[in-house]
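User: Let's read this model together. Please give me the general idea first, then the case at hand.

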Amino acid sequence: MPLHDKIVLYLERAGLYHLVRLNARCFWLDEPLVSAFIERWHLETHTFHMPFGECTITLQDVAYQLGLPVDGLPVSGCLTDFEKFTEKDKPAWEWFQELFGELPPQNKVKQYTVHFTWFHERFRMLPNDATEEIICSVTSGNQVHIRWLPFVARLDDMGSYSWGLAALAWLYRCMCWVANRNVTNLASHLQLLQSWIFWRFPSLRPRASLDVMAIHPEILTEEHSRLWRACTCLIYVAVIEWHQGDRVLPQLDGVQHEPEQASNIDWLHAKDGRSRDRWFPSYYQVWHLSWQNRVDVILCIPRVPDSRSSANFLRWVV
């Protein structure tokens with residue numbers, strides 16, 4: 001969908017403009033390369049186990065690669081019955097019709113998902129006399145599950161959420177599924193995984209690879225960048241994962257010491273919300289409170305010119 005200048009203004013207000021630009025550009029996916037890294041993924045530690053030690057995709061990587069904010073409210077709620085918890089108190093599809101002006105035909109609807117082709121056909125071109133309401137709908141209408149309606153209805157509030165937290169939680173969860181269940185199809189933001197591989201392992205980067213790194217002043221402020229060093233939970237609706245930054249201190253320009261024991265949250269991998277929908281900020285209240293207290297779990301990492309592992313860590317590994 002072409003990015004009209006009027007749409008760009010709303011994407012910038014929502015904090016998602018760079019991500020849309022990235023998805024709009026050609027990004028060739030090297031499936032064998034991605035698969036080789038996923039085979040080294042350990043769901044117990046949320047790290048890739050390599051011959052030289054451990055490494056992983058951190059919140060810092062998400063900020064640089066996707067330009068998404070890290071600090072903010074967790075992207076949560078519920079999957080289908082959110083009208084019970086909102087001010088409007090109206091059925092989801094009635095809300096959908098109010099926001100987008102019409103309902104999609106039944107052959108474009110599958111349970112609570114509207115096929116993206118309907119949005120492409122319906123909103124492909126922006127009329128010159130488009131109103132603000134139409135522009136807001138187009139901005140948010142490339143792919144929509146019914147759970148996104150509360151966010152679409154409050155587009156100006158989207159920038160207050162931690163979309164970086166949600167993106168990393170979903171990527172972690174998908175890689176854990178592959179490692180634990182022998183899943184063959186990985187449905188996640190593989191551009192993030194591959195661009196991280198190219199950035200952290202330059203020798204694997206093709207000469208003509210797309211440079212997707214985004215340096216935005218707003219994501220480099222202390223408010224966001226301090227959380228790159230946090231050992232905290234990652235939240236995306238019903239998905240809870242763990243950001244194990246203390247296992248990859250060299251990635252944060254620190255010396256690797258013996259890490260804390262990995263958080264045992266493997267039992268959460270069986271919970272995705274589809275079997276029993278809930279209001280997850282309440283159901284996962286402990287984890288939401290953990291994210292609220294995120295500044296209390298930020299690691300103090302002295303910057304050093306040589307970030308090789310400490311002697312104590314090498315003895316622990318042996």
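Analyst: Start with disulfides. A disulfide is counted when a pair of cysteine sulfur atoms lies within 2.5 Å. A search of the whole structure finds zero disulfides. This is a predicted model: local features need pLDDT of at least 70, side-chain atom pairs count only at pLDDT 80 or more, and totals for chains, interfaces and linings use all residues. Residues are numbered from 1 along each chain as its sequence is written, and side-chain values use heavy atoms, with hydrogens and water left out.

User: Is Cys-55 buried or exposed? And Cys-300?

Analyst: Buried means under 20% relative accessible area, exposed over 50%, partly exposed in between (1.4 Å probe, protein chains only). Cys-55 has 6%, so Cys-55 is buried. Cys-300 has 77%, so Cys-300 is exposed.

User: Which residue is the bridge partner of Cys-55?

Analyst: Strands (E, at least two residues) and helices (H or I, at least four) are DSSP runs, numbered from the N terminus. Two strands pair if DSSP finds at least two bridges between them. Cys-55, in E3, partners Phe-48. Strand E2 (residues 47-50) and E3 run antiparallel, joined by three bridges.

User: What is the order of the strands in the sheet?

Analyst: The open sheet has three strands, ordered E1-E2-E3, with antiparallel pairing. E1 (41-42) and E3 (53-55) are the edges; each has a single partner strand, so one side of each lacks a neighbour in the sheet.

User: Why is helix H4 largely enclosed by the rest of the structure?

Analyst: Eight of the eight residues of H4 (residues 59-66) are buried, so the helix is largely enclosed. Among them are Leu-59, Asp-61, Tyr-64 and Leu-66. Gly-67 follows H4, with a positive phi near 70 degrees.
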